[in-house]
Every structure is written in C-alpha cells, then in structure tokens.
Amino acid sequence: MADFEVPPLADDIDTAAPPALAPNAMAHLKTFPAAPAHNEALGFPGQLVENWQERAIEKMGELLEKYRSLRVYLDSCVKCGACADKCHYFLGTGDPKNMPVARQDLLRSVYRYYFTPAGKLLGRLAGARKLTEAVLQEWYTYYHQCSQCRRCSVFCPYGIDTAEISMAAREIMDHIGLGQKYSNEIIGKVHKIGNNLGLPEPALANTLEGLEEDVLDATGVNVKFPLNVKGAEVLLVTPSADFFAEPHVDGLIGYAKVFHQAGVSWTLSSHASEAANFAMFIGSYDQMHKVANRIRQAAIDLGVKRIVFGECGHAWRVAYSFLNTLAGPWDFLDPRYPRPQHILEFTHDLMMRGGIRFDKDANAGMVVTMHDSCNVARASGMGDRPGGQFVIPREVIKACVPKFVDMHPDTIHEKTFCCGGGGGLLTDDLMELRVKGAKPRMDALKQVVERDGVTNMVAICAICKSQFTKVMPKYGFDMGMVTSLHQLVSRAIRLGPGA
Amino acid sequence: MSYQVGGKTVEHDEEGYLVDIGQWSEDVAVMIAEAEKLPLSSEHWEVIHFLREYYTEYQIAPAIRVLTKALTKKMGEAKGNNKYLYELFPYGPAKQACKIAGLPKPTGCV
C-alpha cells in the first residue's frame, strides 16, 4: 500500500474551514478492476468490449428511459454549490472532483453531448463532452470514490441524488466490461455459496455451535443459534460478517439472547446467509432481484412467519424500500408483521412491552455515542413514526448503558457522515480514500471524546464496524471503541426465567 | 506478479494472495511474510498452521472467534484474543494471516 498522510483532525469542529482545494489529489487511486471470471459470473462482458463507446451510450439511453429520476437529476443542477462541501471524501481529500456536483458532471457532460440538443450543437460551451478513453477512466476512478451515502442530496435544493448517478455510471461500466473486483467477486459468491464471505454451510454450522458453547460458558444459559430449522417463526437474515468478524459477532450473540429471552423460535438459513445486497452498489436491478430472491426462497422453504434483518445498513435500505418490489409479495408472512422487520424494531418492541429487561450495570463505565449509518438514516425508517430510525436505536442504547451522548448535530441523523467505506468501497485497494473519508466522522468523535469522555461508538452496519475498526487507529482511537448495538444489549439483557 | 521461492515461481494476485493455494509451502509463507515486512515467530506459525487445518476441513478461513478459541486452548488466555492477534498480524489477523497462510482473502464486509 502506498504511503499517504492522514489528515489532521479539526481542533474545533464548529470553526473548521473546508479543506484547501487539491486538484487531482485522488486521481491516482483506482480500485482493482474485476477479472473476466468475476464479470462473466454476473452476465457482464469479461473485459472492455471493442465498441464500448457505442455500447455505453446505448446503455445510458436505456437507463434514461427506465429511470425518469436519472434524467431529472442530470437536467436539474443549477450549480448553486450547496453540495460542494458536504461529501466526506471531498472534506477528507480536498480533491474538487470529489465534490458531488463535479462527480455528477462526469456523467452529466456526456449525457449533454449525446442526449440534449444544446450539447449536440454547442459541445463544450454547453458543458458537453464526448465519451473518450480519458473520460471513461475518470468515471472509473471517481465513481468508485462515492460511497452512495446520499448526504449531499440532503443539502441539494433540487434533491439530486448523486448515489443514483453513481449507480448508473457503475451499471454502464459493468455493461461494457469494466466492473469492480470487490463488488463483482462478492456478488458472485452470494450466487454460488449464499453469502459475501463465501462461508459454506458446514463452516457456518461449526461457527454457530462454537457460539452456543461460548454463551453457555459465559452465562450458564443454553442460548441456541439455530440453522435451517423448518417451521421456526422468525428467519433472521444478517450480514455474514456477523459470523466472522469482531465486534460484529458480539451483535449476533445479542440477537440470539433477545430471541431466547422472548421465547420466540427463530432460525438462520444457509441459503440466505447474507443480508447484504451489493448489487445495489453496482446499480444492477437484475442482480439485486436475484440476490433478494434467495431470502424469499429461504423464507418459503423454512415456512417462517416473520423475517428479521440484523445490523446491516444498506440491507435495511433494500429490505425497507425495495424488498416488496424485488421479492414480494410477502403474503405468506404473519399479517401482523407483513413486511421484514429490523432487529432493533424487534428488540425495542419487546423492551417497551416489558418482555425483556436490561441491567445497565453490565455496561458500567461506558459513555456511548452513536454513528448513524447512512443507508439507515437517509433511506429507511423504523417503527411507525417518522424518524424512528434515529429514535429507536438510541432508546435501546439508553436502556442498556449508564450514559449516552450524541455527536455534533451536523453529523448525526439525516446529516450523518458516511463511515468512509460504504457503497462497495470497503476494500484494501481504496485504503487511502477510506482513511481520508473517515475524517469528518473522526472530527465529531474527537469532540465528544474530549468533552464527554466517550468510550464507545455504536454502529448498526457491518461495513461501518469493519471500516472504523480498520481506520480509527490511524486517528489515534482504539479499535475496541467500535461497538455493535446488540453487543450492548447482549451484555445488559437479563437472561433466565423471572429475569 | 509472482514470488520467487527456491528457483520456483509462485503466482500471486494484485494484493499478494496466492493464485493457486496448492502452491503454498512454508518457504512460500516466509517469502510472503518478508514482502509484508513481518518476521515470523513460533506464535505466527501456530496461527498459520491452524488456519490451514481449518481451511482444509471447511474451505474457508475460521471466524475470528473460532481462531481465538483455538489459540486460547494452545497458548493460554493471554494470547487467545483479538488484540493479541493484531499484535501478531498488524494488518489484521483475517487478511494478513490468511495471505501468509496461502488462503484466499476473506471478502465482504470484513
């Protein structure tokens, strides 16, 4: 990995100036392209096709017809500049092409050239340009420096969604044989094995048995981690990182304890052993559909009545916003729970009804803050009230710990910053971008660590947890600060009869 | 992209993971570790051998917890934890240890 400088954190987040412009500062950083086998497994050409310009423009035309929103976003920017200093990657790198407006313009300029009369007639004067090899390389570089977190769209007076533009760009590139290794290899593994990790059923079963032993040793309670149990009431669909990584697995143990204490029968599925749907990151409806239908198939095969999603940010966006279209109708589920639920809705509901109780002393000494995950914050909801996706996690945390504090208001709720690794960028070849892109969140964390003595930062997304574990030490924070929300639940929940 | 080990050429990918895991040997491990600027101690070898045994049985690297539990049994509580694993493999036990043990890179949200 090439050396790079970690940006210094702000002394005062309220008075910090935007970074000095550093043109092309990130032009060198290109994520690894997918090998032909990774592309072909998804039905894309193995490598750049000969008539790629023609095919790319044809695909762009198709997307403009299919997604009216895309054309509106490409037409409606007035260059007001509201988005310019809102992207974490711009704030962390100073590269003007990481300003959302500039990122959009990479595609917009080509759209103008081929699809608008002014662009066809006036060319550069109308901000239009031909799709050349250099432009394609720019697309590849900078559309893989967007985590599709949609923070910029919160500030855009027209609501232009850069994520949708970046998804379209990636879809066009896949279509001509220029895919990204990280995302495409992973989607292929889901089709073949059932999860992002490539964890086969025997390894999953072995891992779950180990967790049962661990929890029994630690608590004396026989908490089960059932796999492929037909007739269970709940199917839990969770990111495969929950089986594999720290602190993710501590969250999984928390879910299991909640189900145990609630007396609800539940199961995991080896067929749908993944909540994530990376097909969203590459903008492919067909691939999203295929991945999502593994969940439908598992639910039908196991005869479950409810589907609950574990802590995964973009999976919850897919589940909340798209699952009915992608894999519905869910008419075979319990009519009281007609749509997939978030594990936090499940835990919160039980907590409010007194079905589970917490002992805050189990988390004594902790001062906890929460990083809102971008997809949960800006693309979903929880419970039946607006803003539930902010309130419900915080209410559960507060019930489990002695002290909770929020970070700066410009960095939480719908204004939350991306962790720096979302949208298919959680890959080692983009480490420089990941470290620099985490800066805005680290600035806000530093403030509450210094002011309030924060000891733990909770995340509810597998990507956020892995990203922070990796990059926080670069900013002088201990990786152990990163905490799964259900890790707090796991420690605080009272187990056993009469608890 | 390849390692040169005892006159033999061993192919690796962009990040240094072996293309053909069948080409692994202890000499190859030493070579990969050198490329990572990581001198190998007996503790490193314990981890490497456990990873390979587990992979042979399950076709995947063990979860961190499975690994720490196995190490606790072999080396005691003080060394059977994630923190110690990061001391051994500063770039992360899953990825760096897998690379040296000749296993594929764990993918996904890890």
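What radius of gyration does chain B have, and what would a compact globule with 110 residues have? I looked this up first: chain B has 13 Å, which agrees with the value near 13 Å for a compact globule with 110 residues. The radius is taken over C-alpha atoms, and the globule rule is 2.2 Å times the number of residues to the power 0.38.

A note on conventions. I am reading a predicted model, in which local features need pLDDT of at least 70 and side-chain atom pairs count only at pLDDT 80 or more, while totals for chains, interfaces and linings use all residues. Residues are numbered from 1 along each chain as its sequence is written, and chains are lettered from A and ligands numbered from 1 in the order in which they are written.

Chain B. I traced the pattern β-β-α-α-α-α-α along the sequence, that is, 2 strands and 5 helices (DSSP runs numbered from the N terminus, helices being H or I with at least four residues and strands E with at least two). Along the principal axes, the C-alpha atoms fill a box of roughly 40 × 25 × 25 Å.

The side facing chain A. I found 16 residues of chain B in contact with 29 residues of chain A (C-beta atoms, placed from the backbone, within 7 Å). Helix H3 of chain B, residues 64-75, gives the largest share of the touching side of chain B, with 4 residues.

Cis peptide bonds in chain A. I looked up the bond between Glu246(A) and Pro247(A), which is cis with omega about 0°; Pro247(A) sits in the loop between helix H12 (241-244) and helix H13 (248-262). Another cis bond joins Gly328(A) to Pro329(A), again with omega about 0°, and Pro329(A) belongs to the loop between helix H15 (313-327) and strand E4 (341-342).

Positive phi in chain A. Asn24(A), with phi near 60°, lies in the segment before helix H1 (36-40) and counts as exposed because it has 10 C-beta neighbours inside 10 Å. Gln148(A), with phi near 55°, lies in the loop between helix H7 (133-142) and helix H8 (151-155), and Gln148(A) is buried, with 26 other C-beta atoms within 10 Å.

Note on methods: Two residues are in contact if their C-beta atoms, placed from the backbone, lie within 7 Å. A residue is buried if 20 or more other C-beta atoms lie within 10 Å of its own, exposed if 12 or fewer, and partly exposed in between; C-beta atoms are placed from the backbone.
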